[in-house]
Amino acid sequence: MPLPLPLYLLALAVFAMGTSEFMLAGLLPDLARDLGVSVGAAGALTSAFAVGMVIGAPLMAVLARGRSGRSGLLGFVLVFLAAHVAGALTSSFGVLLASRVVAALANAGFLALALTTAIAMVPADRTARALAVLLGGTTVATVVGVPGGALLGAHAGWRAAFWAVAVLCVPAALGILRGVPAAEPSPEGPSLRAEFGVLREPGLARVLVLAALVNAATFGSFTFLAPVVTGPAGLTSSWVSAALMLFGAGSFAGVTAAGRLGDRHAGRVLAVGGPLLLGGWVALAALADRPAVLPALLFVQGALSFAVGGTLIARILYEAAGAPALAGAYVTAALNVGAVVGPLLAATVLGRPTGPFLLSAGLVAAALAFAAVSGSRRGGPASRC
């Protein structure tokens, strides 16, 4: 039985938003020069987006609470589109910074609502597959959208990349308008206080911590792949995009695998994938100076990172079933806490070219230790999340 078409329309919007979130890495020098600021100052655009995602997830979910999935999703996509039009038109760094914050808030609200809308569209035994389709939009963004945005920016200027993201939002908005059901949610549901109270549940708190640690490991190394490729590996800068694409292709494979296995074998995916993920980061740190094996390791590590991460997302939504309006916000906040903290920590160990890989190994080791300790305290196997 095929999955509903609206899921793929939501994934298109996630693809546009994922492209926007990551594309600035290749646009900052041109953007900084055009707006008359330093590259370091321009880097604040990335931080502002990430912080906006963390804060915006619960805030936007609360504002969208009680609205139909279609109206909330459409509203967030249109705000996201408008923020990119404003960013493409402005010559003020301050306005551009504000537009990134607005875009992040809209992105956070959309993803939080899309996650809960996606699982509502399918039977309980197909939740992981539905999430895999949705999260596939992010992984495809790393494979196609981010390099494409960088290439477009290099040939037509950074503003062209902003316009391209805005254009991508148009078919996504039309698809949501025509494809997502307009039915209003039932007014009978848990109170807002009760939904926030779910955070006190040990099972949910446990999986949120694990997801944040795994995502911190992923983005801590992903952010600083370029110095490894051009440093220890001894490859030219033209290989950086290829390395990012390989990692992204692996992440798509990992999300797809998590979708196939996560509904029935989540515990096994985590029990096997977690130690392999740790071993993979250690292997990358040890073999980063061998260009013959680096591409394969990047692909495998992308797959493991997103297979484990995607399975943890499904577990968060399961544990947060008592908070139907905010469950997606909890996922979004946890992932973006990791996406903010990971690169910040990795930046402190750049004195050693493979430092980010070792840091990622440490973060995954911490996640495995936490899972084991918290699992034993709950009286269940450590592999169950």
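At 12% relative accessibility, phenylalanine 219 counts as buried, where buried means under 20% relative accessible area, exposed means over 50% and partly exposed lies in between, with a 1.4 Å probe and protein chains only. Phenylalanine 222 is buried too, with a relative accessible area of 15%.

Before we go on, a word about the model. This is a predicted model, in which local features need pLDDT of at least 70, side-chain atom pairs count only at pLDDT 80 or more, and totals for chains, interfaces and linings use all residues. Residues are numbered from 1 along each chain as its sequence is written, and side-chain values use heavy atoms, with hydrogens and water left out.

**Aromatic pairs**

Phenylalanine 219 and phenylalanine 222 both sit in helix 10 (residues 202-222), three residues apart, about one turn of the helix. Helices here are DSSP runs of H or I with at least four residues, numbered from the N terminus. Rings of Phe, Tyr and Trp (its six-membered ring) pair if their centres lie within 6.5 Å; planes under 30 degrees apart count as stacked, over 60 as edge-to-face and the rest as tilted. By this rule the count comes to four aromatic pairs. In one of them, the rings of tryptophan 158 and phenylalanine 162 have centres 5.4 Å apart and planes at 85°, so this pair is edge-to-face. Tryptophan 158 and phenylalanine 162 are four residues apart in helix 8 (residues 158-179), a separation of about one helical turn. Both tryptophan 158 and phenylalanine 162 are buried. Phenylalanine 219 and phenylalanine 222 also form an edge-to-face pair, at 6.1 Å centre to centre with 75° between the planes. Ring pairs link Phe219, Phe222 and Phe247 into a cluster.

**How helices pack**

Two packed helices are described by the angle between their axes and the distance between the axes. Axes are lines fitted to C-alpha atoms, for helices over the stretch in contact, and angles run from 0 to 180 degrees between N-to-C directions. Here are three helix pairs to look for in the structure.

| Helix pair | Angle | Axis distance |
|---|---|---|
| Helix 4 (residues 44-64) and helix 6 (residues 93-120) | about 45° | 6 Å apart |
| Helix 4 and helix 14 (residues 327-347) | roughly 170° | within 8 Å |
| Helix 1 (residues 5-23) and helix 6 | about 150° | 11 Å apart |

Angles under 35 degrees count as roughly parallel, over 145 as roughly antiparallel, 65 to 115 as roughly perpendicular and the rest as oblique. Helix 4 is therefore roughly antiparallel to helix 14. In this contact, Ala50, Val51, Met53, Val54, Ala57, Pro58 and Ala61 of helix 4 meet Ala329, Thr332, Ala333, Asn336, Val337 and Val340 of helix 14, where contact means heavy atoms within 4.5 Å. These residues divide into eleven nonpolar, two polar and no charged. For such classes, Ala, Val, Leu, Ile, Met, Phe, Trp, Tyr, Cys and Pro count as nonpolar, Asp, Glu, Lys and Arg as charged, and the others, Gly among them, as polar.

Helix 4 and helix 6, in turn, are oblique to each other. Their crossing is right-handed. The contact of helix 4 with helix 6 has 19 nonpolar, four polar and one charged residues. A crossing is left-handed if the near helix is turned anticlockwise from the far one by less than a right angle, and right-handed if clockwise.

Helix 1 is roughly antiparallel to helix 6, and the crossing of these two helices is left-handed.

What does asparagine 107 touch, not counting residues up to four places away in sequence? Asparagine 107, found in helix 6, touches Met17, Glu21, Phe49, Met53 and Phe80. At 5% relative accessibility, asparagine 107 counts as buried.

Serine 99 is in helix 6 as well, and at 7% relative accessibility it is buried. Leaving aside neighbours within four places in sequence, serine 99 is in contact with Ala83 and Gly87.

Leucine 134 lies in helix 7 (residues 127-156) and is buried at 0% relative accessibility. Not counting residues up to four places away in sequence, leucine 134 touches Leu10, Ala11, Val14, Ala114, Leu115 and Ala118.

Valine 282 lies in helix 12 (residues 238-287) and is partly exposed, with a relative accessible area of 42%. Valine 282 and phenylalanine 357 are 75 residues apart in sequence and 6.9 Å apart in space, C-alpha to C-alpha.
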